[in-house]
Amino acid sequence: MSDTPAPDLKPSFRSDVTVQLVKHSASDTDVLWAARVSTAGEQSLDELSKDPERSRGLINYLMRDRHGSPFEHNSMTFFISAPIFVFREFMRHRVGWSYNEESGRYRELQPVFYVPDADRKLVQQGRPGKYEFVEGSEEQRALTARTLENTYIQAYEAYQEMLAAGVAREVARAALPVGLYSSMYATCNARSLMNFISLRTQHELATVPSFPQREIEMVGQEMEARWAELMPLTHAAFNKNGRVGP
């Protein structure tokens with residue numbers, strides 16, 4: 001089956017990512033009843049009606065000593081819009097994650113592309129494992145924006161030309177670059193999210209250094225903000241103990 005492309009689709013450019021929490025079953029209480037079943041058995045169900053603030057110390061103990069399984073009894077589903085290259089890094093995280101992404105086989109992909117904004121540092125200095133990024137010059141910034149935009153426009157024109165000629169979507173999409181925006185649902189639990197955040201964000205409280213690409217860090221920061229609202233005691237313990245996933 002082939003597409004007849006929409007004739008009025010013109011490339012547009014973004015520099016942001018968006019993260020929506022679309023569904024969740026997650027609270028600090030989930031950690032407590034899961035942990036206390038080891039000593040209290042069925043009486044651990046009493047935790048469901050108690051104020052988790054009373055057990056802040058237990059959550060901190062579990063985090064500090066890396067008793068990780070009690071942090072798995074919850075669920076969060078996010079809807080994320082970001083460039084494809086972000087998702088290819090994202091999907092290296094497999095344990096405790098489920099993904100469903102929009103498909104270029106089944107729909108005509110929309111011409112929305114990533115161009116870094118003025119806050120994105122452009123130049124890498126130093127050797128692997130010990131490098132930093134710096135701002136870059138105005139000339140480099142202008143070159144980056146101009147080159148990416150021109151490349152995106154040409155690639156999308158080629159994509160539409162193939163669709164108009166009857167080429168299947170799954171073949172024509174090969175002309176599109178990884179700066180194209182995609183969307184996906186990502187479902188995880190607090191333990192898998194903490195592992196993701198520890199690797200994909202930089203933070204002054206982190207005891208283990210991380211060197212994430214800026215664009216996936218933007219996603220991680222958005223996800224962390226929503227998780228912190230759902231499980232504030234767990235998030236506080238995560239920060240207190242060096243932002244290392246249990």
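Reply: Buried means under 20% relative accessible area, exposed over 50%, and partly exposed in between (1.4 Å probe, protein chains only). This is a predicted model, in which local features need pLDDT of at least 70 and side-chain atom pairs count only at pLDDT 80 or more, while totals for chains, interfaces and linings use all residues. Residues are numbered from 1 along each chain as its sequence is written, and side-chain values use heavy atoms, with hydrogens and water left out.

Me: Is D16 buried or partly exposed?

Reply: D16 is partly exposed, because its relative accessibility is 31%.

Me: What does D16 meet in a salt bridge?

Reply: Side chains of opposite charge can pair when their charged atoms come close. The criterion is a side-chain nitrogen of Lys or Arg within 4 Å of a carboxyl oxygen of Asp or Glu. D16 meets R14 at 2.8 Å, N to O; R14 is partly exposed at 24%. By this rule the count comes to 13 salt bridges.

Me: Which parts of the chain does the salt bridge between E224 and R243 link?

Reply: The closest N and O atoms of E224 and R243 are 2.8 Å apart. E224 lies in helix α7 and R243 in the segment after α8 (232-240), 19 residues apart. Helices are DSSP runs (H or I, at least four residues), numbered from the N terminus. E224 is buried at 10% relative accessibility, and R243 is buried at 3%.

Me: Which residues touch the most other members of the largest nonpolar core?

Reply: Such a core is a set of buried Ala, Val, Leu, Ile, Met, Phe, Trp, Tyr and Cys residues joined through side-chain atoms within 4.5 Å. Among its 53 residues, they are M76, I80, F90, L193, V219, M223 and W227. Helix α7 (residues 214-230) gives the most to this core, namely six residues.

Technical notes:
Helices (H or I, at least four residues) and strands (E, at least two) are DSSP runs, numbered from the N terminus.
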